[in-house]
Each structure stands twice: as C-alpha cells, then as structure tokens.
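Me: I have a new model to look at, and I would like to learn how to read its features one by one. Could you walk me through it?

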Amino acid sequence: MNSVVPPLLDIRGLTVEFVMPGEILLAVDQINMTIQPGKTLALLGESGSGKSVTALAMMGLLPTAGFISAGDIIFDGADLTSYSNAAMRSVRGSRIGMVFQEPMTSLDPVMTVGKQITEALPRENRRASRKSVREQGVQLLSQMGIPEPQRRFDEFPHQLSGGMKQRVMIAIALAGEPELLIADEPTTALDVTTQAQILDLLKQLQKERNMAMLLVTHDFGIAAQMADQVTVMRRGQIVESASAQDFFQAPQHPYSQQLFAALPSLSKRGKPLFESLYAIPVAQPESSETTTPTDKPLLEVSGLQVLFKQRSAGLFRERETLYAVDGVSFSLNPGETLAIVGESGCGKSTVIKSVLQLLRPDSGSVVFDDIELTGRSQRQLRPLRRNLQVVFQDPYSSLNPRMRVTDIIQEGMIAQKIGGNRSQREERVNQLLEDVGLDISARERYPHEFSGGQRQRIGIARALAVEPQLLLLDEPTSALDLSVQAQILDLLRQLQHAHGLTYIFVTHDLSVVEYFADRVAVMYLGRIVEEGPAVELMTRPAHPYTQALLLAAPAIEVAQEKGEPTPHLLGEPPSPIHRPSGCHFHPRCFQAQPICSLDYPQAVEISIQHRANCHFPLETETS
Amino acid sequence: MLGQPALLISDYLIWSICLIGGISLAIGLRNPLQRQRWRMILSTPSAMASAIILLTYLAIALLDSVHFRPLLPQDEATTNGSIEANSEQPNSTVTYAASEISLLDLLLSNIRKAEERSYSAPLAIYAFSKESLVTAAGTTRAYPRLLYGGADLENPALHRSDIVNRTLTGLGLSLILVIPIFLLFRRRSRRSPTLSAGNQTPAWRTAFMTIAGLLIIGSVATQLADHYHLLGTEKVGQDVLYLGLKSIRTGVLIGALTLLIMLPLALVLGTAAGYFGGWIDDAVQYLYTTLSSIPGVLLIAAAVLSVNLYLDQNLSEVTSLHQRADLRLLLLTGILGLTGWIGLCRLLRAESLKLRELDYVTAARAFGVVDARILIRHLLPNLGHIVLITIVIDFSGLVLAEAVLSYVGVGVDPSMISWGNMINSARLELAREPLVWWSLATAFIFMFTLVLCANLFADAVRDAFDPRLRGKQ
Ligand SMILES: Nc1ncnc2c1ncn2[C@@H]1O[C@H](COP(=O)(O)OP(=O)(O)OP(=O)(O)O)[C@@H](O)[C@H]1O
Ligand code: SF4
Ligand SMILES: [Mg+2]
C-alpha cells in the first residue's frame, strides 16, 4: 500500500552461527524480513527453528558461543551489526524494547518492582526529582492495568502473580518509549485468560504509541489475533512470508499447510491430523458420542476432596488449608474420553493423582469397575493398579535417564507379575514399540537419545504394557510442538480404537478438547463448574466461566474482524487457600448477583448429561 | 612361598573397597551417557594426570595392604634337616617372624633394613651430628660415615660424581621403558578420531607425559635409593623415603575407610528421609542437627581418647603391636565416618525430596512397584553423581584431617607410620640447629601431591556430573 514509507527494521541475509565443540551450528540461515512502523510481524515456528536466536541477534544479546556471520540488521537507517557493545546498549531499551517468555526469571528478585521500572526510564527523565520519577513509574504501572499501582510499586517480584509479572516486564520494556518492541513468546507461560489480557494490553499500547512489534510465537491463534505480517521459520530458514490475511486464508508453502492441518479443531473430529505418517485409514465406528447412558460406568468418582495443610509461616499461626480438590464427582463409561480443563492450579493433576490413589483423598469415593479404591492399603491396591495407568506432561522428567527403554517398559510388567518370562516380555516390548510407532532398535537405548515426542511415545508404551482399561493423560501434549502433538493425538486415537481404552484427558488447550474429547468437565478452584458432551459444551457453554475460557482462546477465525478487543475475563484466579465465598467465580463474573456471593450454586441440568453449577446459567440458543 | 599370609582387617577392607568401586564403575559405564561423562573427565589434561598419579598412590597402598609373616632365616643345624621336611609338611618345622610385613616392605627391603643410628641429610654419606670416634690416634669428635648410606663408596671425594653417575644411569634405564610406551601412545592417539569427537578424546599426550615423568622419577630414585638415603633418615635412623611411602597406605585407608562408613549411613538416612518424609524425616533431621551442633574436633578427640583407654585396658596382651595399631586406625575412621556423614546426608535428602516428585517415580508407584525397588532402581542411580562428587571432594579433606588429628595427638597410633606422625615429630626437628627439614618436606610433598591430585580430579568430576554447572555452558 504505502511502500513509500521506509521500513523501521530491515533484515537482509542475516546468518547466525554457534560454535560448538568440534562443529559449527547454523542457527539462522540468510533470512530477510522487514517491519513497518506501527505494524506487527509475527515470527512463527516450532521449537528449535531459530525464532529466539533471531530476536536475540537483533538486540545484540546473543550468547557468547553465537555470532552473526553475515547479513545486516538495518534499524531506522543504521546497521546494528556494526554497532559496538556500548552503542547497542543505548539502542536497547530506549529504541528497541524486549519482553521475554519467562516472567519468573527475567525480573530481579531482590529489587522492588518500582526500582526496576524507573531504572529503565530514559536518562533525562531519571534525573528529575525522586517524586516525579516515582510518579512516572506508578503511571506506567497503571497504564499496564495493574491495580493499586502505588502499592505494587514498592513490592518485590515474588509478591506478584505470573500475569502481573509479565505486565511489569512490559512496563520495563516500554519505559524507554521504544519504537520497536520484541516480544519473545510473551504469553506462553501464562493461562489462557491471562494471556488474553496481556495480548489485549499489547494491542492497546501499540495503538497508543504507534509502536512496531516483532512477536515471536508458536501459536497460530496468537499470530492471527495480533499480526499484520506473518513469517514462518523452519530450521533457521524462512519458508513463507505473507500478510496475515493471505496467510490465514491460504498458506502457500507445504510446511505451512502441514502445520495448519495439524491444528486440532472441532471440524476435524475423528480425522487424523498428521496425514503423512498415519496414512493407514483406521476403520472407525462413528464418533463415540452416542454412548448410551445405560452403559455401566467404568469409573465413578463422587465427592472427591483433597486438602493440603500448608506449613504455617509463623510459629503460632494456625495451619492453613488449601482446597486443591473439593467435592468433584463424575462418571465415565467404557471407551469414552473425558477431558478435564481449567486454569493452572485448579486441581486437575490432583484429581488424577487421587483417582490413582497416589494421593489419598480426604473424603469421597473412587469406584473402578465396581471396586471401591479409597481406603485400601497399598498391598490391596497393587493387583488393581494394572487397570489404571497414567501418562505425564513433561517428557523429560517422566522417564528415568538411567534406565534403558526396554527396562522402562518392562517395569510395570515385572511389578504386576505379568507378561511371562524374560524373553516373552522382550517380545511384548517389541510389540508395544511397534504399536506406538517406534523402531525396535529403540529398546537398548537410553531416554536422552530421543526427542520429546518420541519420549512421549515411550511413556505411552510403558503405560500400555500392563494392558490398562483406563488411561489418565495429564497434559500429554502441552510440552510438544504442534506437528508432534498432532502425531501423538493421532496415536492416542488409534490406540483407543485398537484396545478399547477409556481416557481421562487433562489439558488447558480447548482446541485439543473439541477435537479429542467426548465429554468435558471444566474445573475452577478445585470444583467442577460445568460438565457435558464436548460438542455441546464447546459451542453452547452454560457457565460464564466456560464462556470466558472459550472467548479467551485465541482463534484463527476472527483474524478478519480485528480491531476492537473482545471483553475478556478480568483478574486472575484467587488462591485456593482463601477462596471467595459462595460461587468462587463471583469476583470475576460479569453477571454476578448478590446471591452469588452467598450460596454455592447447585448443579443445574442444561440438557441431558449437561450440568452447570451456576445460579444464572447462560441462555443458550438451541440450534 | 614367602611366608604365611596374615592379612589385617584393614587389608580386607581396602581390597573390598577397591572391588566395590571397580564394580560400580563397571556398572555405571554400561550407560552411554555415563561413558561420555567419564570420557569428558579424562579429556581434561589436569584430570588425566591426577588420575594416573592417584592410581599410582592406590597401587602403592594396595601393595602395602598384603601382609604376611615372612619365613625366618634358620640356623644351619635346623636348615639341613628341614629342607626336605619343608616340602612335605610345611607347618611342622618352619618358623615365621612374629610381626607382619607387607609386599611393599619386601620390595623396599633395601631401604627398610638400612637403618642408621640417627639423623642424616638426604644423599649424605656422613652422619648429621658429630660423634666420638675411637681411632688409632685416640678419641676424636667427628662426623662418622653412615652404616649404609654410600657405604660402598671408598673414596668420599667421589661422592658428588657418584650421585651424578647414578642419576644418569637411572635416566638411561628409564628410557628403555619410556620409548616403547611413547610409541604405543602415538599409535593410540593417531587411531582415535580427533576432529569429529571434538574435545572428548582422552588427553593421551598428558597421560604419556605423566607416566613418563613417573617412570623417570621412579627409576632415578631407585638407582639412588639403592646406595643412599635419598631423602635422609630421621631420629632413629629410619629412611625417610620409606616412611613417606609407607604413609600412603595410612592416608588412603583413612580416606577410603571413612568414606565406606559414612556412605551407607548418609545414603540410607538421607534417601529414607527424603523419600518417605513424615516422622522418618523428622527423626533424621533431628539426629543430624544435634550432631552437627557439637564441635567436630571436640567430638573426635573425646571419642578417640575414650576408645584408646578402652583398648589399653582390655586388649593390650591379646594382640600384636601391628594389629593394635590397625584397630586404632579402624576406630579412627569409624569416628571420622560417624561425624562426617552429615553433609552428604543433607544433600541426599534434598535431592531425594526432589526426585520423589518426578513423574517417573510417580509412574512406578502407579504400577504398584514396592518402595524398596523404587529406591534402588529410580532414586539411587540418580543420586550417584552427588555421591561421586562428594567422595572425591571429601577424600582429600580426610587425608588432611588425619594429619591434623595426629599432630594434635588424637590421630592414628604413634607407632603407625603416617604423614601426621611425621609432621608431629618434625616439631622438634625444626627447633634444632642446624635445621632438620627433610622429614617435614617429605611428608608435605607426598601429602600435597595426593591432595592436589584429588582436588583437581574432583573438579573435573564435578564439571562432568553436576547438572547445574552444565546448564551454564
Ligand atoms: N503436594 C502439594 N502440597 C501442597 N499443595 C499442593 C500440592 N500439590 C498441589 N498443590 C496445590 O493444589 C492446587 C492444585 O494443584 P494441581 O497440580 O492439581 O493443579 P493443575 O490444575 O494440575 O495445574 P497445572 O495446569 O499447572 O498443572 C494448587 O494450588 C497447588 O499449589
Ligand atoms: S453463580 Fe453467579 S457468580 Fe457464579 S458463575 Fe453463575 S452467575 Fe456467575
Ligand atoms: Mg497439572
């Protein structure tokens, strides 16, 4: 359109290399990109594609092993690669600001928030009187939407929540009034609701200050919400660069198309996400949503409660009780997939651990296949354990680094005394490896030789080794890249059909839920607030919290009508120690009434099998 | 047959420690990750050199840990009759010495038996102090010739050139060994791929230089020690080089045995406290906070003194001098071990606390794997690096502790040869005029080399095994 305006940032043929012992690693390979003043460029890519290295190179912050071996970074007409360290330092902060992924580690824990912000102010502003410097800092904090900025100014980072820390980080980055803001995965460590708030804030600040932004992200939704231009990176190279509108309508490069195909969504239910690998069409019975309610449930959880007694801080202070899980009930039919969703710390993992009796619930019952599990001794539980198995989120801590893969997979068989003698077990390991799509040669190797996705497959094989009926999956894909997540989801779906497995699937990613789950339970502060069939609940939520979650998830579809930010949930989840009275959601609920702060709402039947705990469930138009 | 084997308790212990250490190393090396880490350690030149020197110390200590009672040379009358009898029924007529000697003693027979009357300086042929000599001319005060040191040197004027000659002979002889080893190493380092593996190839050059250096020193020392007291003699005329070499066993024993005692304690208590938590944790924490609030030296001194009193009263007539010294040494290591496990236990408790929350432990619990097996399969192997790092760091500390304790008088038995005792007796020697410096210097050099090598090796081990350090690279 207005090609007369010179770009604010122009990167030409940038190449970054890392000196490793014995070799040289090409991290960024001759990339070109430009950012116009006041516009946003989204740099998309999977882990290891060189996104962050590009951002660091622009700031002159490469680690010592890395160096720019070719190319120019032209910022407002000047080549940054020719700048000395001292010259770079004056550009950094005052002309280019940066926000990092991890708000916990990028703030100095022993300095007050206010001091860290005012240090970033431009030098001439810092010379003013103490009072006016403080005022500038407080004003910045309030611009970032931090409540009670006067008080927060004197607090230390550990007194702030994750979202608040990220706001402080942004305040620091913006204190010098930069023309360009580099945001490296600014919301990855945050919950969806907080993420939506931070993205809104960035959008609004950008508009006010006419600031250009380089947004490094792996999330297509975020890119769609925020960007004017999209650049896709893969293995240090740029594979596609286009305007956001064109890109999200019709990606050109096969790699981009493959990533789009890997995005889980409602419309892809029942279809494989990663076509090339699992081309074998599995004969599938039509979606199992039709499970008849007369089926005898496989698992029935009722009134589950798990409390943690916090060690008190003072000597004579009373021990505080943390309600991690409070009165959770659900039941699960054989072959079904129940998704549990909710923000971090709402008690999802605790539900899983207490169903497995790895944490003893304080009250409630867990009935598996007509057998009550609570109150049994470890010895009594041992033979039952083979029926319930678990797969974890972190592929790095879920496998013992000192054991060979074959020993890892055999562990359960040995403990459960199944699988026959050694050679029969080895035989079964081969079979399992094949089932999860790994080569048999993996057997003798150690976990560190595998990638995240392969480790997750090993974890699944380990759980399947004892032929469980129920598999509890605690965020099995949230540490993985998009395309790897697609493969794991495909694998899980395949295994479910092959072995008739029942899943409890914990996640915070709603697109995975709508793609994968039959039924959904939404948790808030230790309680299930809404439960129902996945499609119905995702399209017609009845609880205000569910609706807020759905709105907060950055969707690709709304890319066209960018502009006015949608009203998002305010604030952050309260602490499970001091829960609000009545409906725990009432301080954040937009339609709360006086009664909401008095009584905890009973479950209301919305439709068959669909319940919500709300005094005023949303009217959902029936379609 | 050299004599009747008479292994001391500490002999058994030191050999079994070596066996345990060797086996755990072999098991550890089956994991490729571990192999890579060890290769990384040996690729550090300083660590490679230290490892070779430490192994030399260990070899000397092991040689010194095979004790036996030597055959007594018998007088003519019995010998004639007993030679035939000897082969048929050995026990009937053969007599053995009452006190044990070790293989090292046998190797060092020359310098062990070459006892002078008192002090003599390194490489001297005259005694250190004047004595009254009765000659044909009457009684004069002069420096007498030594009984052994340079005894076969007829013309004292040739003293200097004799030393030079012998040094050169030693150098020449060592070349016979050094050259083939050099060729071997050159083939070795040519064959191993250098570029692709980066800096992970073992530091062969350093290894060769260290071995060559040791060989040259050893060969020259042998040549000289055969005819002189290379490092002089001490108060009662014993060869100081011999004392220095014999002290190695004491130092290594103190280090290794103490570790053997503190390791199980720290491992069992630390992991149990961390893994099970609850009252076990409370009990263990109570125990070590109480212990660590008592000043360490005081505790050791009190324990050593009371144990010694008990030994003197109850065991004096039952055992030989050697065995008593050995018992006292064992008790000292026991006491050091009982006070030394706290630091390691704290580390292990903290690490177990962290490990038990890891997903693979949870997965094992979800399989119904019993606690003992989880501890053995999942916790212990992942604590290995902490144990290893602590062992190599603590080892040198313990060697130094022995010296300090013996100096203060609560260390090993005064009859036992140790660096601490050597330093202790050097107290008086340093007050003499002219100065007798060689005992102290010998003890210092031997101990310094051991401690320095242990520390350098510990640094490399920590760099290779400590995950926190590696994150920073
Ligand atoms: N062992 C424990 N001791 C004390 N509090 C705990 C313990 N485990 C969990 N909690 C607390 O219980 C609450 C629920 O934790 P849980 O791990 O179940 O959350 P989650 O929903 O799985 O969160 P995430 O999405 O971050 O995994 C949190 O407030 C957490 O701090
Ligand atoms: S009960 Fe009231 S506060 Fe709670 S979700 Fe419903 S409307 Fe909102
Ligand atoms: Mg969790």
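Me: Is Thr194(A) buried or exposed, and what are the cut-offs?

Reply: Buried means under 20% relative accessible area, exposed means over 50%, and partly exposed lies in between (1.4 Å probe, protein chains only). Thr194(A) has 5% relative accessibility, so this residue counts as buried. Before we go on, please note that this is a predicted model: local features need pLDDT of at least 70, side-chain atom pairs count only at pLDDT 80 or more, and totals for chains, interfaces and linings use all residues. Residues are numbered from 1 along each chain as its sequence is written, chains are lettered from A and ligands numbered from 1 in the order in which they are written, and side-chain values use heavy atoms, with hydrogens and water left out.

Me: Where does Thr194(A) sit, and which residues is it in contact with?

Reply: Helices (H or I, at least four residues) and strands (E, at least two) are DSSP runs, numbered from the N terminus. Thr194(A) belongs to helix H9 of chain A, residues 192-209. Contact means heavy atoms within 4.5 Å. Leaving aside neighbours within four places in sequence, Thr194(A) is in contact with Gly163(A) and Glu572(A).

Me: What about Leu495(A): which helix holds it, and which residues does it touch?

Reply: Look in helix H18 of chain A, residues 482-499. Leu495(A) counts as buried, at 4% relative accessibility. Not counting residues up to four places away in sequence, Leu495(A) touches several residues, including Asp435(A), Ile460(A) and Tyr503(A). Leu495(A) and Val436(A) are 59 residues apart in sequence, while their C-alpha atoms are 8.3 Å apart in space.

Me: How many aromatic pairs are there over all chains, and what is the rule?

Reply: Rings of Phe, Tyr and Trp (its six-membered ring) pair if their centres lie within 6.5 Å; planes under 30 degrees apart count as stacked, over 60 as edge-to-face and the rest as tilted. Tyr503(A) lies in strand S18 (residues 502-507) and Phe516(A) in helix H19 (residues 510-516), both of chain A, so the pair ties together parts that are 13 residues apart in sequence. Both Tyr503(A) and Phe516(A) are buried.

Me: Why is the pair of Tyr275(B) and Phe276(B) edge-to-face?

Reply: Their ring centres are 5.0 Å apart and their planes are at 80°, so the pair is edge-to-face. Tyr275(B) is buried, with a relative accessible area of 8%, whereas Phe276(B) is partly exposed, at 38%.

Me: Now the two chains: how many residues of each are in contact?

Reply: In chain B, 27 residues are in contact with 31 residues of chain A. The size of an interface is often given as the accessible area lost when the parts come together. Buried area is that loss (1.4 Å probe) for two parts put together, summed over both. Between chain B and chain A it is about 2,500 Å², of which carbon and sulfur atoms give 56%. Asp359(B), Ala366(B) and Phe367(B) supply 27% of the area that chain B buries against chain A, more than any other three residues.

Me: How many salt bridges does the rule find across this interface?

Reply: A salt bridge is a side-chain nitrogen of Lys or Arg within 4 Å of a carboxyl oxygen of Asp or Glu. Across the interface of chain B and chain A, the rule finds zero.
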